[in-house]
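Trainee: I have a model open on my screen and would like to go through its side chains with you. Could we take it step by step?

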Amino acid sequence: MKTFIILLQKEFRESWRSFKFLWMPLLFILLGITDPLTNYYMEDILNAVGNMPDGFSLSLPDFVPIDILMASTGQFQSIGLIVFVITIAGMINRERQNGTATLIYVRPISFFALFMSKWVVGSLLGILSVSLGYAGSMYYTAILYGSVDTMSFIQMVMSYCVWIVFATAVALMFSAIFKTAFATTFTIIVIPFGVMIDSLIGQYWHFSPWKLANYSVQLLSDTHNEYYIKTLLLTIILLILAIIIGILFTRKNAGTTKI
Amino acid sequence: MIRIEHLTKVFGGEKVVDDLSFVLEAGTSTALIGPNGAGKTTTLSMLTGLLKPTNGSIRMNDTQDIRKEIGFLPQYPNFYPWLTALEFTEMTGKLNGVPSRDAKKQAERVLDFVGLTNDRSKKTSTFSGGMKQRLGIAQAIVHKPKLLILDEPVSALDPVGRREVINLLKQLQQHSTILYSTHILNDAEEMTDQLLFLKKGQLVEQGSLKDIRTKFDSFRYKIQFTSKEEASLFATQSQLPTTVEESYAFIEIKDGFPTMQELMSQLIVLPFSILKVERVTMTLEEIFMKVVGQ
């Protein structure tokens with residue numbers, strides 16, 4: 001427990017000094033406020049910059065708040081998620097490759113504590129970024145489109161955070177198994193590409209972690225989704241599995257650290 | 001006391017370390033000597049717990065987790081660039097079980113010892129090679145380990161840094177057990193009780209420097225001529241077995257023969273000049289070559 005606290009402190013210090021806790025939330029805030037603003041002002045933007053032919057009329061759909069939050073989620077799921085998981089996928093293997101892990105691994109630490117310290121800090125970074133991103137999106141959505149039920153909104157954000165925590169665990173697991181290049185590739189295939197694949201051919205199954213983000217936004221609507229709980233549980237089970245595999249490989253690959 | 005028995009490491013079918021057995025007595029210094037690729041670093045990595053031995057055991061009295069009792073300095077220590085020297089030393093001390101309230105004091109003390117008092121609040125990314133080596137020593141001794149393991153502690157340093165580090169190690173030697181690797185025998189001369197010679201993963205020779213010298217050393221005459229041609233000419237004329245290196249001729253001394261007088265009587269009739277005649281012992285480098293060379 002004591003080594004966990006020391007390692008946690010170290011991870012926080014690193015993330016703080018490399019400004020991760022600044023630019024990651026900023027990225028998500030930016031992504032979050034883009035959709036409410038651009039959609040609302042689309043007509044003005046087109047009028048101002050576009051040379052529309054005479055008689056051209058564009059009928060934009062009338063959005064409701066849930067559409068905008070869905071669009072923001074889409075932003076998080078593509079650009080935001082790619083940047084986030086790439087950051088996480090280097091947390092373990094980079095230390096092994098540049099040799100900084102050596103002076104930690106020769107000490108009486110548990111690899112459980114080592115993995116968990118990184119997972120906790122990565123997850124908190126993700127939760128903070130996503131919460132602020134949704135807050136930014138909600139702020140402008142509320143001003144421009146109208147509000148949603150507060151409790152449902154909080155539920156949605158928390159539910160999406162489960163997905164982010166899951167993505168953190170998977171990226172860290174790959175970080176423990178492979179070198180940086182492979183870990184990054186596999187993480188991108190499994191997480192952001194997984195989301196794309198699921199959205200393309202996902203109608204053939206009803207619950208998978210990759211659907212959790214969309215199901216989370218649906219919590220805002222009145223329709224009841226019978227698959228939501230199953231998806232949530234499956235995500236949590238796979239998350240725990242990723243953590244266990246990650247810890248085992250952190251220990252197994254300790255000897256690959258550069259000496 | 002640390003007892004290493006039948007230590008073996010196989011990488012892809014190749015025995016990098018082959019059935020190593022030796023003992024490190026408490027309070028002694030041991031040098032692991034061998035050319036590059038002899039298996040020195042692999043041996044040290046197994047002792048630190050970074051690598052699992054394929055076979056064999058490492059036992060330190062009754063200690064379960066040997067990592068608690070060792071301090072390790074890699075050949076090229078790498079530090080987190082975003083931490084200061086003091087923060088890093090304090091953290092590593094805590095990870096080794098130094099109580100939180102003492103950790104900072106203890107870290108300051110070891111940084112003073114290695115001469116980094118004025119640089120302790122600087123980020124390690126600004127450190128030079130010599131400073132990193134000294135910080136490496138600080139983090140290795142912050143928890144007062146029973147065994148200090150150093151991988152090529154001075155090989156990468158310039159003469160000044162080398163001297164500083166050797167002096168530090170000499171001080172540490174007085175109250176700890178040290179095991180270090182080197183491919184430079186001269187470094188071992190100053191601070192070693194026991195020498196272990198590694199060659200292709202095998203222990204080919206072990207003992208104190210004095211033992212090794214007695215076993216491998218030989219006396220010989222070294223005669224300096226003005227040119228290589230003259231030295232060669234002397235070698236062909238001489239009745240004694242002679243080897244030539246540049247403008248030097250060497251004659252082995254076996255059981256006290258030939259005597260200096262006998263040699264002189266041969267040299268005195270030569271038609272060319274001799275610059276110098278002396279009776280020499282082998283240099284450490286030559287002994288090294290003799291023990292681990294082909």
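Trainee: In which helix of chain A is I189(A) found?
Mentor: This is a predicted model, where local features need pLDDT of at least 70, side-chain atom pairs count only at pLDDT 80 or more, and totals for chains, interfaces and linings use all residues. Residues are numbered from 1 along each chain as its sequence is written, chains are lettered from A and ligands numbered from 1 in the order in which they are written, and side-chain values use heavy atoms, with hydrogens and water left out. Helices are DSSP runs of H or I with at least four residues, strands are E runs of at least two, and both are numbered from the N terminus. On that count, I189(A) belongs to helix 8 (residues 180-190) of chain A.

Trainee: Is I189(A) buried or exposed, or something in between?
Mentor: Buried means under 20% relative accessible area, exposed means over 50%, and partly exposed lies in between (1.4 Å probe, protein chains only). I189(A) is partly exposed, because its relative accessible area is 43%.

Trainee: Which helix gives the most to the nonpolar patch?
Mentor: A patch takes residues with over 30% relative accessible area and no salt bridge; like charges are joined within 9 Å, and nonpolar side chains (Val, Leu, Ile, Met, Phe, Trp, Tyr) within 5 Å. Here the patch covers about 840 Å², and its members include I189(A), F193(A) and W205(A). The top contributor, with 5 residues, is helix 9 (residues 192-201) of chain A.

Trainee: What kind of aromatic pair do F174(A) and F178(A) form?
Mentor: Rings of Phe, Tyr and Trp (its six-membered ring) pair if their centres lie within 6.5 Å; planes under 30 degrees apart count as stacked, over 60 as edge-to-face and the rest as tilted. Over all chains there are 21 aromatic pairs. For F174(A) and F178(A), the centres are 6.1 Å apart and the planes make 25°, and the pair is stacked.

Trainee: Which residue's charged end sits over the ring of F250(B)?
Mentor: The test asks for NZ of Lys or CZ of Arg within 6 Å of the ring centre and within 35 degrees of the ring normal. The face of F219(B) has R279(B) over it, at 4.4 Å from the ring centre. For F250(B), at 4.4 Å from the centre, the residue is R220(B).

Trainee: Which residue forms a salt bridge with R220(B)?
Mentor: A salt bridge is a side-chain nitrogen of Lys or Arg within 4 Å of a carboxyl oxygen of Asp or Glu. R220(B) is buried, with a relative accessible area of 10%. Its closest N and O atoms in the bridge are 2.8 Å apart, and the partner is E286(B).

Trainee: How many residues apart are E152(B) and K40(B)?
Mentor: Their side chains meet in a salt bridge at 3.7 Å, N to O. E152(B) is buried at 4%, and K40(B) is buried at 5%. E152(B) lies in the loop between strand 6 (147-151) and helix 5 (159-173) of chain B, K40(B) lies in helix 1 (residues 40-48) of chain B, and the separation is 112 residues.

Trainee: How far is the backbone oxygen of F72(B) from a polar atom of the side chain of Q139(B)?
Mentor: Q139(B) is found in helix 4 (residues 129-141) of chain B. Q139(B) is buried, with a relative accessible area of 0%. The distance from the backbone oxygen of F72(B) to the polar side-chain atom of Q139(B) is 2.9 Å.

Methods. Accessible areas come from the Shrake-Rupley method with a 1.4 Å probe; for residues, only the protein chains shown count as cover. A polar contact is a pair of N or O atoms within 3.5 Å; within protein, one must be able to donate a hydrogen and the other to accept it, and residues adjacent in sequence count only if both atoms are side-chain atoms.
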